[in-house]
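Here are my notes on the model you sent over.

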Amino acid sequence: MEAQHPAKILMTADTVGGVWTYALELIRALAPFKTHVALATMGAPLTEEQRQQVEDIDNMTLYESHYKLEWMDDPWQDVDQAGQWLLKLKEEVQPDLVHLNGLVHGALNFGVPTVVVVHSCVLSWWRAVKDEEAPKAWEKYKEMVTKGLQNATMVVAPTQAMLHQAEALYGPFQNSTVVYNGRGQHSFQFGRKEPFVFSMGRVWDEAKNISMLAHIASDLPWPVYIAGDARHPATGKEVELENVHFLGQLTEKEVSDWLSRASIYTLPAKYEPFGLTILEAAMSGCALVVGKTDSLAEVWGNAAKYVNPNDADELRDTIKNLIEDEFGRNIMACRAVKRSHGYTADPMGQDYDHVYRQLLKQTVTV
């Protein structure tokens, strides 16, 4: 018997990172399956732009909260209250299944299949960024995340590399699979390419390593433009960037415009379990220079230039070579565009729908 598409899903999303973009993209991609999503948000109030983004999505209902996320300072009381709130929402919404984009609430007894997506985690971040194990202060986090993931009906990761890390840190899991992230191609286009280097992301996040790009920017023949949030959401500290044109936070439309004109997109990340901004740059026809990590090599293959995230000289030389070699730059841009076609929103929606239906089918047969 063909398993049914889920009619209703309760999904969580935080509002302070790429998970927000991912969640909206996925919800839109589930519309053809007549799946309605109740989206429960946490982490911070929605911005004006985020409110506008959800206006045109017909197959979702928004439920807002400001509860702290599990990686924030002293979050556990908030995490507990958020769990109670989610259980109440579950009673109200009566979903066929629950899709969690945070890690700890997988331990709650929702009474329906639970999918938990490991977009990233503090312990793997710490290993990659600090080159050491996370300190003792994160033991409670480890315990809560382990419980959340081991109790989930299905653990999903955006790359095989991220899944391996999660299994090593928190496993074994009941079931697991990989579903690559996707973006709607229609939001991005090629423009006439201009001589500048572009980067964007959470500038405050050491994993993105954007400060290393700023550090070598004065050695490059082209100007460097950087967009994103420089203020840490937990500490309020702001990162100062030297030698670059800092654009601050841009709207989606502005990002699309900058990417369409940028010749080279650079993110020398130490840790990036998937990298939506890199995908957006690829869809916009930029040549890519990224950190050499297992995840990024898995996603981009030969369609990006890789640099050691701890080697500023290598970063400078790699970008310089692309600037000086127009032919090589165009080849890399073409490869990036071609590779990006494998990461559009529709296949992501189909893959998640397949996962959901498998879980619902198992529930029926049990």
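1. One term before we start: a residue is called buried when its relative accessible area is under 20%, and exposed when that area is over 50%. Tyr352, at 0% relative accessibility, is therefore buried. Keep in mind that this is a predicted model.

2. Let's begin with the overall layout. The chain splits into domain 1 (8-182 + 344-364) and domain 2 (185-341). Their C-alpha centres are 26 Å apart. Across the boundary, 27 residues of domain 1 are in contact with 25 residues of domain 2.

3. Asn181 deserves a click. You'll find Asn181 in the loop between E7 and E8. Is Asn181 buried or exposed? It is buried, because its relative accessible area is 6% and the cut-off is under 20%. Leaving out residues up to four places away in sequence, Asn181 touches Tyr22, Pro158, Phe274, Leu276, Leu279, Tyr343 and Met348.

4. Now the aromatics. How many aromatic pairs does a search of the whole structure find? The count is 15. One of them is Tyr22 with Tyr352, an edge-to-face pair with 6.1 Å centre to centre and 70 degrees between the planes. This pair links distant parts of the chain, with Tyr22 in helix H1 (residues 18-30) and Tyr352 in helix H13 (residues 345-365), 330 residues apart. Tyr22 has a relative accessible area of 2%, so it counts as buried, and Tyr352 is buried too, at 0%.

5. Another edge-to-face pair is Phe196 with Trp258, where the centres are 5.5 Å apart and the planes make an angle of 75 degrees. Here too distant parts of the chain are linked: Phe196 sits in strand E8 (residues 194-202) and Trp258 in helix H8 (residues 252-261), 62 residues apart. Phe196 is buried at 4% relative accessibility. Trp258 has 15%, and that still counts as buried.

6. Stay with that pair for a moment, as it belongs to a bigger story. Which residues do ring pairs link into a cluster? They are Phe196, Phe198, Tyr225, Trp258 and Tyr265. Trp258 also has a charged neighbour: Arg261 lies over its face, 4.6 Å from the ring centre. Elsewhere, Lys292 lies over the face of Tyr306, at 5.7 Å from the ring centre.

7. On to the nonpolar cores. The largest has 86 residues, and the members that touch the most other members are Phe198, Tyr265, Leu288, Trp300 and Ile319. H1 supplies the largest share of this core, eight residues. Both domain 1 and domain 2 contribute, with at least three residues from each. A second, separate core has 42 residues, including Val104, Val112, Trp126 and Trp138.

8. Not counting residues up to four places away in sequence, Phe198 touches Tyr225, Ala227, Leu247, Leu250, Trp258, Leu259, Ala262, Ile264, Tyr265 and Thr266.

9. In H4 (residues 122-130), the buried residues are Val122, Leu123, Ser124, Trp125, Trp126 and Val129. These pack against helix H5 (139-151) and helix H6 (160-170). Just after H4, Asp131 takes a positive phi of about 60 degrees.

10. Looking from the H6 side, Ala161, Met162, Leu163, Ala166, Leu169 and Tyr170 are buried. What do the buried residues of H6 pack against? The list is H4, H5, strand E6 (154-157), strand E7 (176-178) and helix H10 (294-300).

11. Last, the cysteines. How many disulfides does the count come to? It comes to zero. Cys286 is in no disulfide, and the nearest cysteine sulfur, that of Cys334, is 12 Å away. Cys286 has a relative accessible area of 0%, so it is buried. Cys121 is buried as well, at 4% relative accessibility.

Definitions and conventions: Residues numbered from 1 in each chain as written. Predicted model: local features only at pLDDT ≥ 70, side-chain atom pairs only at ≥ 80, totals over all residues. Heavy atoms only, no water. Buried < 20%, exposed > 50% of the residue type's maximum accessible area, 1.4 Å probe, protein only. Helix = DSSP H or I, 4+ residues; strand = E, 2+ residues; numbered from the N terminus. Contact = heavy atoms within 4.5 Å. Phe/Tyr/Trp six-rings, centres within 6.5 Å; stacked < 30°, edge-to-face > 60°. Lys NZ or Arg CZ within 6 Å of the ring centre and 35° of its normal. Core = buried A, V, L, I, M, F, W, Y, C linked by side-chain atoms within 4.5 Å. Domains from an automatic or database assignment. Disulfide = S-S within 2.5 Å.
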